[in-house]
Amino acid sequence: MNNSVYQSAEEKNKVLPGVLYLVATPIGNLADLSERAEKVLREVDFVACEDTRNSMKLLTLLGISKPVISYFEHNKTAKGREIAERLQSGQSCALVTDAGTPAISDPGEDLVRLCAEYGITVTSVPGCCAAITALILSGLPTGKFVFEGFLPSDKKGRQQRISELAREERTLILYEAPHRLQDSLSDMEASLGKDRPIALCRELTKRNEEIMRTTLAGAVAHYKTTDPRGEYVLILGGAKPKGEMFFAEMTIPEHVAFYEQNGLSRMDAMKAAARDRGVGKSDIYKEMQKK
Ligand code: SAM
């Protein structure tokens with residue numbers, strides 16, 4: 001089946017009626033807006049924005065005066081339907097979010113799904129995405145990676161999610177708010193160990209862009225004396241494959257005994273073994289009961 005949006009080569013850069021365009025916008029450097037993104041914003045019938053005030057600033061800078069409609073987490077059901085109906089009536093729409101690629105940790109995925117249900121054509125005008133920009137700058141393996149987005153904001157949920165990710169061998173991409181950075185780094189260090197490599201990518205594409213390539217212990221120590229400022233993407237090295245870990249050939253009791261011999265209490269030794277193996281403490285406890 002030919003799903004192409006474009007019927008001919010000439011139409012490639014034309015804004016077509018009844019099409020939703022997912023338009024990536026800069027994450028800090030206005031010059032990163034593509035020529036096609038500007039053209040689409042100029043030519044569509046209306047723009048759906050995560051925050052109309054934010055996007056109006058961008059449109060004003062570009063000298064574009066255009067009807068805008070807000071589309072965000074708390075109005076997405078009603079507004080999504082309205083946008084889809086306008087698209088069905090033949091209008092064209094650009095969806096933009098506050099920064100970066102729509103539908104990556106910001107509104108968009110529901111609208112794409114809804115449009116697909118309505119049989120509306122959706123296409124993209126790709127550009128900046130903070131996750132990929134940080135990944136390629138991190139110096140960590142890029143061949144296989146996992147996008148995790150934001151960790152839960154409550155401590156218990158965050159710790160739980162970090163422990164679920166402990167055995168993930170692929171490079172991890174996380175978004176983090178500056179006011180939660182120190183807590184998240186401490187929780188990661190406690191669960192993933194001091195030596196796990198991390199790149200803290202701050203204020204990407206902006207004047208104060210900074211990439212700090214270190215370990216979890218290094219990051220925790222740095223942010224004990226420095227206030228986190230600006231926007232961050234964290235790129236975390238994956239876990240070493242199990243076969244390469246020091247405990248690969250040990251039974252669970254031997255693994256726990258190893259930590260006890262290194263000065264940990266039985267309880268802490270079981271916790272450490274559970275963390276290494278990416279299993280729950282109760283699994284270790286059960287194995288130890290069999291001894
Ligand atoms: N959809 C966007 C994208 O394409 O990356 C991300 C939206 S998400 C709501 C916003 C998060 O992206 C921020 O909290 C931060 O973690 C990250 N981010 C956005 N711009 C950034 C920048 N210039 N430098 C570092 N991180 C950034």
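Modeller: What follows starts with the chain as a whole, turns to helix α7, and then goes on to other helices. The model is predicted, so local features need pLDDT of at least 70 and side-chain atom pairs count only at pLDDT 80 or more, while totals for chains, interfaces and linings use all residues. Residues are numbered from 1 along each chain as its sequence is written, and side-chain values use heavy atoms, with hydrogens and water left out.

The chain has 11 helices and 10 strands; helices (H or I, at least four residues) and strands (E, at least two) are DSSP runs, numbered from the N terminus. Its C-alpha trace spans about 70 × 45 × 35 Å along the principal axes. Of its 291 residues, 43% count as buried, where buried means under 20% relative accessible area, exposed over 50%, and partly exposed in between (1.4 Å probe, protein chains only). Among contacts in the chain with a separation of 6 or more, 67% join residues 24 or more positions apart; contact means heavy atoms within 4.5 Å.

Helix α7 covers residues 178–192, which is 15 residues. From first C-alpha to last, α7 reaches 21 Å, close to the 21 Å expected at 1.5 Å a residue; the expected span is 1.5 Å times one less than the number of residues. The buried residues in α7 are Leu181, Ser184, Leu185, Asp187, Met188, Glu189, Ser191 and Leu192. They pack against the helices α6 (155–165), α8 (216–225) and α10, and against the strands β7 (171–176), β8 (197–202) and β10 (232–236). After α7 comes glycine 193, with a positive phi near 95°.

One of these partners, α10 (residues 266–277), also meets helix α9 (residues 252–261): their axes come within 8 Å and cross at roughly 125°. Axes are lines fitted to C-alpha atoms, for helices over the stretch in contact, and angles run from 0 to 180 degrees between N-to-C directions. On the α9 side, the contact is made by Ile252, His255, Val256, Tyr259 and Glu260. On the α10 side, the residues include Arg266, Ala269, Met270 and Ala273.

α3 has 13 residues and reaches 17 Å, close to the 18 Å expected. Its buried residues are Gly80, Ile83, Ala84 and Leu87. Seen down the axis of α3, these fall within an arc of 100°, so they line one face of the helix; the arc is that of the directions from the helix axis to the C-beta atoms. What covers them includes β1 (19–23), β2 (46–49), β3 (68–70), β4 (93–96) and α4 (109–118). Glycine 90, whose phi is positive, near 110°, follows α3.

Two single residues complete the picture. Valine 40 lies in helix α1 (residues 35–43) and is buried, with a relative accessible area of 2%. Leaving aside neighbours within four places in sequence, valine 40 is in contact with Val15, Tyr21, Val23, Ala94 and Val125. Threonine 133, in helix α5 (residues 130–138), counts as buried at 18% relative accessibility.
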